[in-house]
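Please consider how overall and local features of a protein model may be read.

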Amino acid sequence: MAARDRLLVIGGDAAGMSAASQARRRRGPDELEIVAVERGHHASYSACGIPYFVGGVVGDLDALIARTPAEFADRGIDLRIRTEAVEIDLDGGRVRLREADRGGERWEHYDDLVIATGAAPIRPPLPGVDAEGVHGVQILDDGVAIVRALEEREARRAVVVGGGYVGLEMAEAMVMRGLEVSLVDASEQPMRTLDPDMGATVADAMRGLGVRLYLGEPVEGFDTGPDGHVTAVRTGSRTLPADLVVLGLGVRPETRLARAAGIETGPTGGIVTDRRMRTRTERVWAAGDCVESRHLVSGGPAAIPLGTHANKQGRVAGINLGGGYATFPGVLGTAVSKICDWEVARTGLNEREAAAAGFAAVTAAVDSTTRAGYHPGATEMKTKLIAERRSGRLLGAQIVGRENAAKRIDGLAIALWNRMTVEEMTGLDLGYAPPFAPVWDPVLVAARKAAEAVEADMRAGS
């Protein structure tokens, strides 16, 4: 019998297990042995569900786990949890693994290697940042640790550092648990992926939930008590008492293992791959939050950590590893978030990003309602479009509103994907009924206003 090829996957969540599963679909156990390693206690889980587990919306941790190691074993995939890859030997075609429960280390060989190490929370080098009670949020173990800390310390005051998606969602989780919540951000408005005017709307919404915002105040350090546990967060203007601190400063591609092995990374810090998810090192593939993608609007490199991209990239890698052919075209950065009864969405470029990419842009923002104004349950929403001068090509879109607002971003993402102009968008045949939208959907109103702005800009420049 011919020897089997061996696929080794580093990282047991979305990208890694999608790659393993797709490779297995195309090549049976007699042809391909698949081993996957995951350093945490859990694999194949929804990291996006962590804030909802912390907030008590999801009461059962197992609900966030898509498949267990036993279920993967039934599919012919050897998934080993609590097993960390600590070194890659490219010349020898092997990876050094450390087993947390059994202790000790050993080398495992591979014929093909998939690196799916995800992203790591940013922990600034500030005094006290490594104190007990200062939590990052990335893997499911982090969520479990936060819940345990809240219960064991009987926490009453939480401070969230950073106003991105994770920071805002974790602030909501703390509000839902009945804590006094403060949020500190060095920026003047939360959510820097939005433009400042849209971020201001988000800030007002957060204040309405009872969250105290301290914006434009970089954190300078964390105070600790005699037991080494965090007691306060310090900025240049104030000291905020804290029983628990959550870092929501964003994440960076986790590429230390790859870089140490000599695998190329790009300007975003992510691993460089081609459209088939192959690195520039023979028989080494990469997928998920650790890789660098191409932004479909700017054309430049982008590292956007989202489970949607990770699953697609893992699928592409697995299809190719299994003998098929697939490519990953790139990203738009489409993202949605829910903060209590407020919804936030964005796709493409914001004004700052458009300028950095070399575009001259015009903008249009409209206030509307999610349903016909006379229909019960109609709530406010604001839609903003960014279009290229002259051509009118859509470059980006943002939405902040209440129930049923955010998913309208999908239509705008489709328009971006197909390089539509805002004038073309005014004729889109969108669904209408009073319970779902006004007769003129906010997307159409925003497109019409943006088209008028493009036309006015052209007249002014002629």
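The dialogue below passes from the whole chain to one residue.

Q: On what basis are the values computed?
A: This is a predicted model, in which local features need pLDDT of at least 70, side-chain atom pairs count only at pLDDT 80 or more, and totals for chains, interfaces and linings use all residues. Residues are numbered from 1 along each chain as its sequence is written, and side-chain values use heavy atoms, without hydrogens and water.

Q: How does the radius of gyration of the chain agree with that of a compact globule?
A: The radius is taken over C-alpha atoms, and the globule rule is 2.2 Å times the number of residues to the power 0.38. For 462 residues a compact globule would have a value near 23 Å, and the chain, with 24 Å, agrees. Its C-alpha trace spans about 70 × 60 × 40 Å along the principal axes.

Q: What share of the residues of the chain counts as buried?
A: Buried means under 20% relative accessible area, exposed over 50%, and partly exposed in between, with a 1.4 Å probe and protein chains only. Of the 462 residues, 53% count as buried.

Q: Is Phe359 buried or exposed?
A: Phe359 counts as buried because its relative accessibility is 16%.

Q: With which residues is Phe359 in contact?
A: Contact means heavy atoms within 4.5 Å. Leaving aside neighbours within four places in sequence, Phe359 is in contact with Val297, Ser298, Leu349, Ala354, Glu388, Arg393 and Leu395. The C-alpha atoms of Phe359 and Glu388 are separated by 6.5 Å, although these residues are 29 apart along the chain.
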